[in-house]
Amino acid sequence: MIDKVFRNATLFTPVDRGRPQAGPDQGAVRVVEKGAIWCRDGLIQAVGPEEEVLRSLHPCVPDQETDLEGRCVIPGFVDPHTHLCFAATREREFSLRLQGVEYLEILRRGGGILSTVRSVRETDEEELFLATRRRALSALRFGTTTVEIKSGYGLDTETELKMLRVIRRIGRETPLDVVPTFLGAHAVPEEYRDRSDAFVDLVIEEMIPAVVRQGIARFCDVFCEKGVFSVEQSRRILQAATAAGLGAKIHADEVHDLGGAGLAAEVRAVSAEHLLAASEANLEAMARAGTIAVVLPATAYSLRKPFAPARTMIELGVPVALATDCNPGSSYTESMPFVFGLAVLLTGLSVEEALTAATLNAAYAVGMAERVGSLDVGKQADFLVLEGETPAVIAYHAGVNPVVQVYKKGERLKVKG
Ligand code: NIG
Ligand code: FE
């Protein structure tokens, strides 16, 4: 048993009330001046004002005591939506987009997601692992201690499973907690061009059973979008996935308002992501169903589209989470601080709301809130020491890394330099 105490910290943490935080609760962050965290074997035993923490554990003597010198401490970021597992980047496509070619037009021409599919199919598993690990460790340097990673660049059973094995290895061979999501319906592969229903059948009849048999994913996601998968096709896939025991997620209303947000509420998806074009009626349905909105401001930024209406979501009572969406097409960043800054400065979230969105609500969005997402007794001692006095520094000190120390299960990770 190893007991560690971290003293003299200024703690900022959302409070876990047993559900994702919505409406006014989203901004209700606990602040403790001269606070402390006591952990045993990586799990928080006590947290709060230093004197109380020390008193509650008396006469136990810690094996290690760290003075955090009054610095600002927040829970480790949880990035609940990424496509970190890919091989080649798509810089040329980025330049095309800068010249005005639309993201979905590039996909229609056989580029975009489909070009990443070609490279992932060709890349051997070890190389794919090394490329993914590089990005995961970069995310860790920016304070991400738990990450969801999707498959979706295989689009055949064999390559989807290859990606999911790589994703599983990231969880085993890096300090990060990794949540794997199966995204077999990310695009219609070239060999099924104009036969998307047949591809949906393949996803339902072959891929989902194979993924479930191997126990290699926790969630199933679908890209519900004009020219990709319809609401009806997405419904079939998500119903099959939930019947097989996977949680449901959906890329909804990113470019067009097809009604993916409404489908998320209907199938009781844990979350709907993107939502740039979602209607207010469907956001209300999400609020009623308790579906989490995973907002991806770096994607709107990179696609140069209006941001998702995060403020309206909070006013409607939809719990909001934040994620990078890190992928080689629409959002090439591993940085949660960057996403945090965009959310605060450009989507109108307060610093406190953004903090809950990037930690506790994100943990709920990936089914990890029992272990991570807030500084609460029983959870892992995953936390960040920031430069500056409050979490506002994350938005304020723009374009740099405000995370000076990263702790995972009470262990300081070497992340700088
Ligand atoms: O969330 N929209 C679909 N999927 C990703 C992009 C994937 C890609 O372009 O490679 C997204 O934006
Ligand atoms: Fe995505």
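This note goes through the metal site, the ligand site and some backbone details of a predicted model.

1. Conventions. The model is predicted, and local features need pLDDT of at least 70, side-chain atom pairs count only at pLDDT 80 or more, and totals for chains, interfaces and linings use all residues. Residues are numbered from 1 along each chain as its sequence is written, chains are lettered from A and ligands numbered from 1 in the order in which they are written, and side-chain values use heavy atoms, with hydrogens and water left out.

2. Iron site. Four protein donors, H81 (NE2), H83 (NE2), H251 (NE2) and D325 (OD), lie 2.1 to 2.3 Å from the iron ion (ligand 2). Donors are N, O and S atoms within 2.8 Å of the metal (3.2 Å for Na, K and Ca); water is not among the atoms, so sites may look incomplete. Along the chain the spacing of these donors reads H-x1-H-x167-H-x73-D. H81 is in the loop between β6 (77–79) and α2 (91–98) and H251 is in strand β10 (residues 247–252), so this pair ties together parts 170 residues apart in sequence. Helices (H or I, at least four residues) and strands (E, at least two) are DSSP runs, numbered from the N terminus.

3. H81 is buried at 0% relative accessibility, and H251 is buried at 2%. D325 is also buried, with a relative accessible area of 0%. Buried means under 20% relative accessible area, exposed over 50%, partly exposed in between (1.4 Å probe, protein chains only).

4. D325 backbone. D325 sits in the loop between β13 (320–322) and α13 (336–346). Its phi is positive, about 65 degrees, although D325 is not a glycine.

5. Ligand 1. Oxygen atoms of ligand 1 lie 2.8 Å from a side-chain N or O atom of R90 and 2.9 Å from one of D325. For H83, a polar side-chain atom is 3.3 Å from an oxygen atom of ligand 1. Taken alone, ligand 1 exposes 330 Å², and the protein buries 100% of that; accessible areas come from the Shrake-Rupley method with a 1.4 Å probe, and for residues only the protein chains shown count as cover.

6. Other backbone points. The H58 to P59 peptide bond is cis, with omega near 10 degrees, and P59 is in the loop between α1 (50–57) and β4 (64–67). R304, in the loop between α11 (297–303) and α12 (310–316), has a positive phi near 55 degrees. R304 is exposed at 56% relative accessibility.

How values were computed. Polar contact = N/O pair within 3.5 Å; in protein donor to acceptor, adjacent residues only side chain to side chain.
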